[in-house]
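Hi,

Here is the model I promised to pass on. Have a look, and my notes follow below.

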Amino acid sequence: MSKEIFALSSGYLKKVVPLLMKYQVPATPPNYALWYTYVANADAELAKRIDESIKETGTLSPTLCEELYSNHVADEKVKDVDEFQRGLQALALEMGNTMEDTLKDTATFQNTLDKTFSQLARVGEETLSMEETVAMVRKAVKGSNELRQSTNFFKNQLAEAQKEISRLKETLQQANEDALHDALTSLYNRRAFDTELDSLAASPPPKGFCLLLCDLDHFKSFNDTYGHLMGDQVLKLTAKRLSDYCRDGINAYRYGGEEFALLVPNRALSGGCRVAETIRATIDKLAIKDKKTGKKLDNISVSIGVAEYEKGESIRNLISRADAQLYEAKNLGRNRVMPVT
């Protein structure tokens, strides 16, 4: 490494640490790499995303850090190591079982050979009939054939394992996406929600934040009437509408089943309720067509419970308060936002 390059890289590192401290980003190796790329101006799109997040929320959330690192910094071969390891562990277990069976067959054949050679050694000492000698040889040949079948099977398993390893490498990027995103709706998943909420509670934005819990009304009946494929379409359309409001630091998540969640930073309760009401009204206008009958379905609505984070309260309590407001919205007739502000 030349002195010029060394001096340049050292200068970048000196900028990274203060930025991590300023924006309260954990000093993990991926975050170092992420911010090093940022200060080096090595990726214009990455710099744009970071600048936008800082402008909107004053920091970078753990979820966004992980996503940006994965998409802009991490090598394809190291993306989502956990998922890759799980695949390899399953593969190793299968191969281990096959090898164990092969070794057992090998041990059995070895015992057969030992006995056979022991008996053949008696040929010079004892009188063995031709039939007895041929029987011992046949037994050894039979054991040899069984071992050949076992080793051939193991060889085929190795070939299949090689194919599986290649497949795992090709799907690493998709596996990494699945680690943060819900497969059906493409929204952030529950894991991302939990991480983000923990981070917001640990270091709330200057103006606090609100949690919105959204639940599609009568969704089970909708599934029973029109089928799960239509239900999936409703979930996708709802997710699309929610993602349209993911600006100014707002993030949407698939909380589970037909439930969604939004984290709305820098909003008091009244501001969070206004966001919720806009979303409710938008989803109330959703309409899809039943491909079987050609009928237009427009009876889609959502109930939303809103809670503003109170300094020092537990995550569990915040979720419980939002959930209580959601229950109240359902109890009062659905298709509404609670509390009324």
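Before the rest, some housekeeping. This is a predicted model, where local features need pLDDT of at least 70 and side-chain atom pairs count only at pLDDT 80 or more, while totals for chains, interfaces and linings use all residues. Residues are numbered from 1 along each chain as its sequence is written, and side-chain values use heavy atoms, with hydrogens and water left out.

Gln-24 sits in the loop between helix H1 (3-22) and helix H2 (29-39) and has a positive phi of about 55 degrees, although it is not a glycine. (Helices are DSSP runs of H or I with at least four residues, strands are runs of E with at least two, and both are numbered from the N terminus.) Arg-334 is another non-glycine with positive phi, near 70 degrees; its place is the loop between helix H12 (315-331) and E7. Arg-334 counts as partly exposed, at 29% relative accessibility. In the segment after E7 you'll find Pro-339, and the peptide bond leading from Met-338 to Pro-339 is cis, with omega near 5 degrees.

The sheet

Five strands make an open sheet in the order E2-E3-E1-E6-E7, with mixed pairing (two strands pair if DSSP finds at least two bridges between them). E2 and strand E7 (337-338) are at the edges with a single partner strand each, so one side of each has no neighbour in the sheet. Even so, five of the six residues of E2 (residues 251-256) are buried. E2 pairs with E3 (residues 259-265) in the antiparallel sense over five bridges, with Ala-252 opposite Leu-262. Their hairpin has two residues between the strands, and Gly-257 there takes a positive phi near 60 degrees. E3 also pairs with E1 (residues 209-216), antiparallel over seven bridges; Leu-213 has Ala-261 of E3 as its bridge partner.

One more helix residue

Glu-56 belongs to helix H3 (residues 44-57) and counts as partly exposed, at 33% relative accessibility.

Cheers

Methods. Buried means under 20% relative accessible area, exposed over 50%, partly exposed in between (1.4 Å probe, protein chains only).
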